[in-house]
Amino acid sequence: MTRTEIRPGLHYVGVNDRTKTLFEGLWPLPSGVSYNSYLLIDEQVALIDTVDACYTDTFLAKIAEILGERKVDYLIVNHMEPDHSASIAALRRAYPDVKIVGNAKTLPMIEGYYGITEGTVKVNEGDTLCIGKRTLVFYMIPMVHWPETMVTYSPEEQVVFSGDAFGTFGALDGGITDRELDTTRYWDEMYRYYANIVGKYGSPVQKALAKLSSLPVRTICSTHGPVWIDHTEKVIGLYDRMSRYDADPGVVIAYGSMYGNNARLAERIARELARKGVSQIVVYDLSRSHASYVLRDVFKYDTLIVGSPTYNGNLFPPVESLLRDLEHRCIPHRYFGCFGSFTWAGTAVRKLTEFVSAMGWELMGEPIEMKQGYTPEKGDACLPLVDAVAERLGKKS
Ligand code: FEO
């Protein structure tokens, strides 16, 4: 096979972004991200999705290198978020006769973003497009991750072009498929990608998985991260789990601290839990750790303990921001503990208890409220919370 082929006639023409600091202007990319696009060469040529605007020239050069004098006949637009659609207008300029394929929700977005109204083909649920020996079938998966999102399936190849579904942060270091690279570092990034980008849409993801469950799938071509061949079951299982908001036993402790008192209480809680035999504990200082990592771990683990000083009569801002991010993701169930401190009038702990009540999560132990500085004696107030969490996790009391 050639340098760009995943299987005969199926080429990878995506790009790595190792420059962008924040995905969507929000989420850190310590190991970059890939924008994946695929070229199917048959009697006709179909391109599946495009890439971010920063990489249009590289993208078009890759396509031209493979096709030479041949043209792109169809562009299939599975998803309109600009990390995948921003090269549509340039592709049309390079290949003026290309037909742009989308559904009833895609086509107005193409006009709204890129002013293109001509040369489009509207497809509906289950429609097919024959490009030679291969057929492409379109399935709508709205809200995974935008309302227009669809997947494209090739029954002859048993390949699904899945859009953002099954995607992950992390650029592709040489390998394109999971057979060609060490997948170890992608699993945590898949959790972080899901929790931050798709995490609000658990129910639509479940509907999409149910719809696709009857299709034989040998290869998953997502728009971000590796092409999955050897790990398709694991990837589908992980997305199923995350979209059910199912979590492993474990504790995330996330705190804000201005002068170290809440930090000392957080460390005390972590230490007491460890003494009880709880080994799966992750501690975050929210002034230093980006919320994307905390959100990832709240999707991974079933217990969250949050601490905050009272600040301007409210929660400490990074804590308030985390709680807003959690609310937006509509996580239906978690176990929750809280603590906080104040100097002259306490508000933080009340706000934390209002939060857990609004979320409908289960409050563990009693909220712990410190007036002014931490002392070991004040810290003893965390022991009932520690006992409750350890007991629930099946550890010794
Ligand atoms: Fe990777 Fe929703 O775009």
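Author: Happy to! A residue is called buried under 20% relative accessible area, exposed over 50%, and partly exposed in between (1.4 Å probe, protein chains only). This is a predicted model, where local features need pLDDT of at least 70 and side-chain atom pairs count only at pLDDT 80 or more, while totals for chains, interfaces and linings use all residues. Residues are numbered from 1 along each chain as its sequence is written, and side-chain values use heavy atoms, leaving out hydrogens and water.

Let's look at Gly-373. With 28% relative accessibility, Gly-373 is partly exposed. You will find Gly-373 in the loop between strand S23 (368–371) and helix H12 (376–379); helices (H or I, at least four residues) and strands (E, at least two) are DSSP runs, numbered from the N terminus. Setting aside neighbours within four places in sequence, Gly-373 is in contact with Asn-261 and Lys-378, where contact means heavy atoms within 4.5 Å. Arg-288 is 85 residues away from Gly-373 along the chain, and 22 Å separate their C-alpha atoms.

Thr-223 is buried, because its relative accessible area is 2%. Not counting residues up to four places away in sequence, Thr-223 touches several residues, including Ser-34, His-84 and Gly-163. The Thr-223 side chain comes to 2.9 Å from the backbone oxygen of Gly-163.

Definitions and conventions: Polar contact = N/O pair within 3.5 Å; in protein donor to acceptor, adjacent residues only side chain to side chain.
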